[in-house]
Amino acid sequence: MTLRAVELRPLGRTVPFLGFGCGTLSGRGSLARSARLVETALELGVRYFDVAPSYGGGTAEEVLGHVIGDSQEVVIATKHGIPRPPYRPIYERVRRLAKPILDGSQSFRHLVRRVRSQARPSGLLAERHDFSATAIRQSLDTSLRLLRRSSVDVFLAHEPVPEDLTPETAQHFADAVKDGLARCYGAAVGAMGESPVVFGNVWQSGWPGCLWSGSGSDVMHVFHGALRYRDGVPCLATDADLEWRMRQFAALAPASVLIVSASTPHRLRQIAKAAALDA
Ligand SMILES: NC(=O)c1ccc[n+]([C@@H]2O[C@H](COP(=O)([O-])OP(=O)(O)OC[C@H]3O[C@@H](n4cnc5c(N)ncnc54)[C@H](OP(=O)(O)O)[C@@H]3O)[C@@H](O)[C@H]2O)c1
């Protein structure tokens, strides 16, 4: 199985376009299960991993650290913005118990997501996070320790509001690059349809948001959410339409990375198989 390759211009390297989103990975009690997912992604040829301090109750970076460590064969993107929550094993157990119930009903699943997103709004209109120089550097230091790396490839402002993306904030992220702790920086927003903002040279957003049309030819556009939304409307992928979604992504964003998440190795194999069809 071969995945179509895309050029990551800010990094000067090429990787398969399909990236793995670590939003549902959890360490500690779920480390073995989460590690299997990362290993499956690697076996399938995935080389781009998207993570954040807040993922997996604050433990997702530990999983990547455990499985991937300082390997330079993969691209690791982490973020600073949404704070790392205190780890609460009970949340993980509740999530695991609730998943089969949620999986049984798409509409119930969307309702839960809507309630959660209203409790913590996301995207460019979200609550403010601390983008001071100290907060950014402390967060990156912790991420690097948990990831067991000396640097990350991509360092993103996680769900900033437009006012956060100032020249000063850009300078703090650029300083991390200058100090060798990151290779490039940018911003990641959850919302679709937001116009890309000039901030570093990576822009990550929900599919099918606006494609980058700025002048910077070295801007890398990364998308997520293509299995959760169809034509801009919440609509989970099905086995039958995975292939269609992947073809649509290839047609509309042939030079971009697509981040997907999956809760089982079987699901991830299905997605990669559909993604490989256009290779
Ligand atoms: N602001 C940000 O930076 C931001 C925001 C959102 C997302 N992200 C990144 O993007 C990653 C992916 O985001 P996402 O999980 O929202 O979107 P996604 O990858 O588009 O959707 C994943 C969901 O689709 C389901 N799915 C896939 N194939 C399916 C099928 N054949 N049948 C039924 N369900 C199917 C998966 O179910 P199962 O769980 O059952 O496998 C999973 O719940 C995150 O992990 C994170 O890394 C970043």
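Beyond its neighbours within four places in sequence, H158 is in contact (C-beta atoms, placed from the backbone, within 7 Å) with A52, K79, H80, G81, I82 and A188. This is a predicted model, in which local features need pLDDT of at least 70, side-chain atom pairs count only at pLDDT 80 or more, and totals for chains, interfaces and linings use all residues. Residues are numbered from 1 along each chain as its sequence is written.

H158 belongs to strand β6 (residues 152-158); strands here are DSSP runs of E with at least two residues, helices are runs of H or I with at least four, and both are numbered from the N terminus. H158 counts as buried because it has 25 C-beta neighbours inside 10 Å, where 20 or more other C-beta atoms are required. V189 is 31 residues from H158 along the chain, yet their C-alpha atoms are separated by 6.6 Å.

A188, a contact of H158, is also among the residues that come nearest to the ligand, with G21, G23, H224 and L227. The shell around the ligand has 29 residues, each with its C-beta atom, placed from the backbone, within 6 Å of the ligand. At least two shell residues come from each of β7 (182-192), β12 (257-260) and α8 (265-276).

In α8, the buried residues are L268, I271, A272, A274 and A275. They lie on the same side of α8, because they cover an arc of only 160° around the axis, taken from the directions from the helix axis to the C-beta atoms. Their cover includes β3 (18-21), α1 (31-43), α7 (242-252) and β12.

Notes
A residue is buried if 20 or more other C-beta atoms lie within 10 Å of its own, exposed if 12 or fewer, and partly exposed in between; C-beta atoms are placed from the backbone. Two residues are in contact if their C-beta atoms, placed from the backbone, lie within 7 Å.
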